[in-house]
Amino acid sequence: WDSIPGSPGSGPGLQGINGFEVQKQNCCWLLVTHKPCVKDDVIAALKKANGDAILKFEPLVLHVQCRQLQDAQILHSVAIDSGFRNSGITVGKRGKTMLAVRSTHGLEVPLSHKGKLMVTEEYIDFLLKIANQKMEENKKRIERFYNCLQHALEKETITNSHAKEKIKDKNNSSYTHKKKRNPEAACGKCITEENAKECENDDDPGMSVTIFPEDY
């Protein structure tokens, strides 16, 4: 793979949105963490919100630019087997091959509107348990992804090594057969009429039998 320009982010966070329209320039993060989130931190962050606040968990998102489509296919299989079942491959008009590692176990729940809390603290506690469970599952999938990728790369290395050995053996075999035929070819070019008569009277069957390989 040529490069890995990605956005591998994960973890629960509290997103505050100022205004009615959800736009990037109007959005600010009230709380961001990659560790298990606790209710007291969320409640404290919600008090700073004067717009709409959303509890959001984002699983791993990773974009990989691949040199060949075959590389992307290997990585895609690894991602699917690791639990990232929303992963996919895109090929651009100029031939750029990108693989996106994604999953569907995200979470996004509104908590407040115009600065007013719309849910109970008990419900917030319930949501945080779900978000933290999803984060733990996300970590497990990342570990599986790493292990599966290591295994796939080792397997690919072994396969390529065997393929090179077969090509090398085939080339050596072809060279050996050619080398055995060369003296006969040279003899055929340089043979004189006198030698031809001697060859005709020779009882050695090896002089009149030529064995070629099956793929000759």
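**View 1. The E5–E6 hairpin in the predicted model.** Strands E5 and E6 form a hairpin, with five residues between them. Gly 95 sits in the turn. Its phi is positive, about 90°. E5 covers residues 88-91, and E6 covers residues 97-101. The two strands pair in the antiparallel sense over four bridges. Gly 88 has Ala 100 of E6 as its bridge partner. Thr 90 stands opposite Met 98 in E6.

**View 2. Pairing of E4 with E6.** Strand E4 spans residues 62-66. Five bridges join E4 to E6, and the strands run antiparallel. Gln 65 finds its bridge partner in Met 98 of E6. Met 98 also stands opposite Thr 90.

**View 3. The three-stranded open sheet.** The strand order is E4-E6-E5, with antiparallel pairing. E4 and E5 stand at the edges. Each has a single partner strand, so one side of each is left without a neighbour in the sheet. From one strand to the next, the twist averages 25°.

**View 4. Both faces of E6.** In a regular strand, side chains alternate between the two faces of the sheet. Thr 97, Leu 99 and Val 101 lie on one side of E6. Met 98 and Ala 100 lie on the other. Both faces are covered, and these residues are all buried.

**View 5. The largest nonpolar core.** This core has 20 residues. Those with the most contacts inside it are Val 42, Leu 46, Leu 111, Ile 124 and Leu 128. Several elements each supply at least two of its residues: strand E2 (27-32), helix H1 (39-46), strand E3 (52-58), strand E7 (107-113) and helix H3 (121-190). H3 gives the largest share, five residues. In soluble globular proteins, nonpolar side chains tend to be buried together.

**View 6. A separate core.** Another nonpolar core lies apart from the largest one.

Notes:
Residues are numbered from 1 along each chain as its sequence is written. This is a predicted model: local features need pLDDT of at least 70, side-chain atom pairs count only at pLDDT 80 or more; totals for chains, interfaces and linings use all residues. Side-chain values use heavy atoms; hydrogens and water are left out. Buried means under 20% relative accessible area, exposed over 50%, partly exposed in between (1.4 Å probe, protein chains only). Two strands pair if DSSP finds at least two bridges between them. Axes are lines fitted to C-alpha atoms, for helices over the stretch in contact, and angles run from 0 to 180 degrees between N-to-C directions. A nonpolar core is a set of buried Ala, Val, Leu, Ile, Met, Phe, Trp, Tyr and Cys residues joined through side-chain atoms within 4.5 Å.
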